[in-house]
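Please open the model in a viewer and follow the selections below in order.

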Amino acid sequence: MITRSVGPNRRRNDMIWNMVAWVVLLMLALPAFWIIITAFRPNIEINTFPPVWIPRRLTLEAYANMFGLNPDVQQRVAVEAYLRNSLLASGLSTVIAVSLGTLAGYAFARFRFRFHTTLFLGIMLSRAVPGVALSLPLFLLFNRVGLTNNVLGLAFVYVAVNIPFTAWLMDGFFRQIPTELTESAYIDGCGHWSAFWRIELPLSLPGLATAAIFAFLAAWNEFQIVSVLARNNAAKTFPPGLFAFTEQFTVDWRGMAAMSVIMMVPAVIFVILVQRNLVSGLTFGAVKG
Amino acid sequence: MVANSNSPLGKGAAARLVEVSRIEAGFFPFALILPAVILILLVVGFPLLYSLYVSFTPYELLKPNSLNFTVARALRNYQKLLNDDIFWRSLLNTIVFLAVTVNLSYVLSMALSQLLARVTVGQSVLRTLLMVPMMFAPILVGMQFRWFFNANVGLVNNFLISVGLIQEQGQIAWLVDVPLGMITIIIASIWMNIPVMTIILLAGTLSLPTETFEAAEVDGASGWQKFRFITFPLLAPFSYIALTIMSLDIARAFDIVRIMTDGGPARRTEMLWTYITRLAIEDTKFGLGSAMSWITVFLSVLFTLYFFRQLVKARIVR
């Protein structure tokens, strides 16, 4: 009642809140726009002083250079190799990690068993191990079995790295499906497996998509492990590729921006696709059960 | 159901986690979990044990014979680290970095989530804008801020010159000076952490029961009082989820440091993660590097365990 009596005041406050929110979020997103614009600008606009804030001309030069369409550019970046390796390692590891993580997540969400919490926590804690710490022994071990500089070896590592978070997300999604549904499936003669496969898995597909996207992006963006395990272009993915770019003698900011844009494409598509599911997947752990 | 008393969460917490409505199914759940556990043991468990072994040897990659264990020299690497000033410096830097980044990310995300909860115009566009930093790989975040804070061609200095705050000759060496180097790294990390945290806290805020707030309004509570005594305590489980997820990913900050300053100049921004890389990969001292790895593993696990415990305590009972 108190709030109703100050109607016009409240409306003015709302307007201020809205404006503040818009300004803050535009500032948060600004750096990304800057990277994208830079990728399509002529180099002369980027390295001049005073700076040119608003581009006067857009060009695809950076991409022509990158893909070898410009005969003047001798030394180029192995984008094709990075792209192939990134897609292979991320794609392969996502399929396997999501399959195994979903099974584990289902078990944690639906069943009562000994060591429930211990196992769940153990799996989650394996994810807390910093990539740097893991990369050293993996390098030594992979060296012995010839798995360094190998995309499949890399994908194998990413499977294990991605399982915990997939299991955590899927645990949350499965818990949103009422237990009664499973129980009635049992009464109708379903076994544990067919109840999972025929009833609950189809219901959790939106969650599965979210988990898959998280796994894909985690592998796509991973830097610490791949930079130790991949020493040449046979297994290097985009992140170490971008890093190699910055270590060159003359820093080509536009070239890096152009590569960054390619690197961001899957993330942009995915983030827009899963916006809604993302929220419920991340927050379901807040509810006990 | 008897709660497992060996649970690292303690008896009470474990008992609260186990819910009555779960189904008893014999070995079936173990069969579901087994493949995941085997893979994790193969790729994380075994290598970590191996690295523990290596950390007790003086192993250097270029000296294959140095990978042998003797009881007398087992703790040599750890002793070396304890007497190494750079180690202590990188540990201190890491702790300062973590403390500032985690706290500031949380406070800013909380503020942003409260702001977004009040927005009435363009909610969905704003949420998409909020997710923009999520589209960046950590290495990309680092590259981007390294460029923005570059002394000569960086956006930040150019902007400051344009608005007349600094002179053209007085460009600020953001990535070089103390404590600016650390501050720029922290800014980059916070930028990366904000979206996920804010999304979780916003979802939590929107799920809170409105009756409580109406009652408080009738009692004449101010906006701050409502936040302090209603929103904030009710958001506890969401806060801990956000912090748990963040603690799992905290070592991603390595990517940022590596590309922005690589611990330099003169080790001013050296952190545990970059120092490991320097020792093991660049100097090929795998024994020493492994010893340090174990210290970071210990830190990360402790961190995650703490937040997860808090999460379990704060979970909403439905």
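**Across the chain interface**

Between chain B and chain A the count is two salt bridges, each defined as a side-chain nitrogen of Lys or Arg within 4 Å of a carboxyl oxygen of Asp or Glu. This is a predicted model, in which local features need pLDDT of at least 70, side-chain atom pairs count only at pLDDT 80 or more, and totals for chains, interfaces and linings use all residues. Residues are numbered from 1 along each chain as its sequence is written, chains are lettered from A and ligands numbered from 1 in the order in which they are written, and side-chain values use heavy atoms, with hydrogens and water left out.

Select Arg127(A) and Asp249(B): they form a salt bridge whose closest N and O atoms are 2.7 Å apart.

Next, display the whole contact (heavy atoms within 4.5 Å), to which chain B gives 115 residues and chain A 103 residues. The two chains bury about 10600 Å² between them, 78% of it on carbon and sulfur atoms; buried area is the accessible area (1.4 Å probe) that two parts lose on being put together, summed over both. On the chain B side, select Arg22(B), Ile23(B) and Trp147(B), which lose the most area to chain A, together 8% of what that side buries.

**Within chain B**

Move to helices H13 (residues 272-282) and H14 (residues 286-314) of chain B, which pack at an angle of about 160° with axes 8 Å apart. H13(B) is therefore roughly antiparallel to H14(B), a term for angles over 145 degrees. Helices are DSSP runs (H or I, at least four residues), numbered from the N terminus; axes are lines fitted to C-alpha atoms, for helices over the stretch in contact, and angles run from 0 to 180 degrees between N-to-C directions.

Finally, show the side chains where H13(B), with residues including Trp273(B) and Ile276(B), meets H14(B), with Phe286(B) and Met292(B) among them.

Note on methods: Helices (H or I, at least four residues) and strands (E, at least two) are DSSP runs, numbered from the N terminus. Angles under 35 degrees count as roughly parallel, over 145 as roughly antiparallel, 65 to 115 as roughly perpendicular and the rest as oblique.
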